[in-house]
Amino acid sequence: QVQLVESGGGLVQAGGSLRLSCAASGRTFSTYAMGWFRQAPGKEREFVAAIRWSGDNTYYAESVKGRFAISRDNAKNTVYLQMNSLEPEDTAVYYCAADLEFNWRGQLRYGVADYDYWGQGTQVTVSP
């Protein structure tokens, strides 16, 4: 089992930046791809970014390309989401998720059902 805890959310003005962190514990000796999702009030949870175990392959939703960057430090069992040029439309609860690296065959896995473990989420609010 893997436990995930997000941190780093908060309030920021449009155009500002935040860095989210997701700390993993438990069976971290296994290899996992990691993803970030977000969910705004009244909307479904949507894919934001993902990163493979090695960190050599990253993927982004079109809405955040060029603004967000996902990275990981496996020695610290932590994945990050650097968010720049934030917009009010980015306001949501952000969740990190883990998916067994074994499940990936080179294609992007972007569905909520593709991921096995989820954090509790951290609130990001962007004011106009």
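Predicted model: local features only at pLDDT ≥ 70, side-chain atom pairs only at ≥ 80, totals over all residues.
**View 1. The disulfide between Cys 22 and Cys 96.** Here the S to S distance is 2.0 Å. The torsion about the S-S bond of Cys 22 and Cys 96 is about 55°, so the disulfide is right-handed.

**View 2. Where Cys 22 and Cys 96 sit.** The pair ties together distant parts of the chain, 74 residues apart: Cys 22 belongs to strand 3 (residues 18-26) and Cys 96 to strand 9 (residues 92-100). Strands are DSSP runs (E, at least two residues), numbered from the N terminus. Both Cys 22 and Cys 96 are buried, that is, under 20% relative accessible area with a 1.4 Å probe, protein chains only.

**View 3. The largest cavity, with about 150 Å³ of space.** A cavity is a set of points on a 1 Å grid over the protein atoms alone where a 1.4 Å probe fits but cannot get out; lining residues have an atom within 4 Å of a point. Of the 15 lining residues, Ala 24, Met 34, Trp 53, Arg 72 and Asn 77 come closest to the centre of the largest cavity.

**View 4. Strands around the largest cavity.** Strand 3, strand 4 (32-39), strand 7 (68-73) and strand 8 (78-83) each give at least two residues to the lining.

Technical notes: Residues numbered from 1 in each chain as written. Heavy atoms only, no water. Disulfide = S-S within 2.5 Å. Helix = DSSP H or I, 4+ residues; strand = E, 2+ residues; numbered from the N terminus. Buried < 20%, exposed > 50% of the residue type's maximum accessible area, 1.4 Å probe, protein only. 1 Å grid on protein atoms, 1.4 Å probe; cavity = no way out; pocket = protein on both sides within 12 Å on 5 of 7 lines; lining within 4 Å. Points joined across faces, edges and corners; volume = space filled by probe spheres on them.
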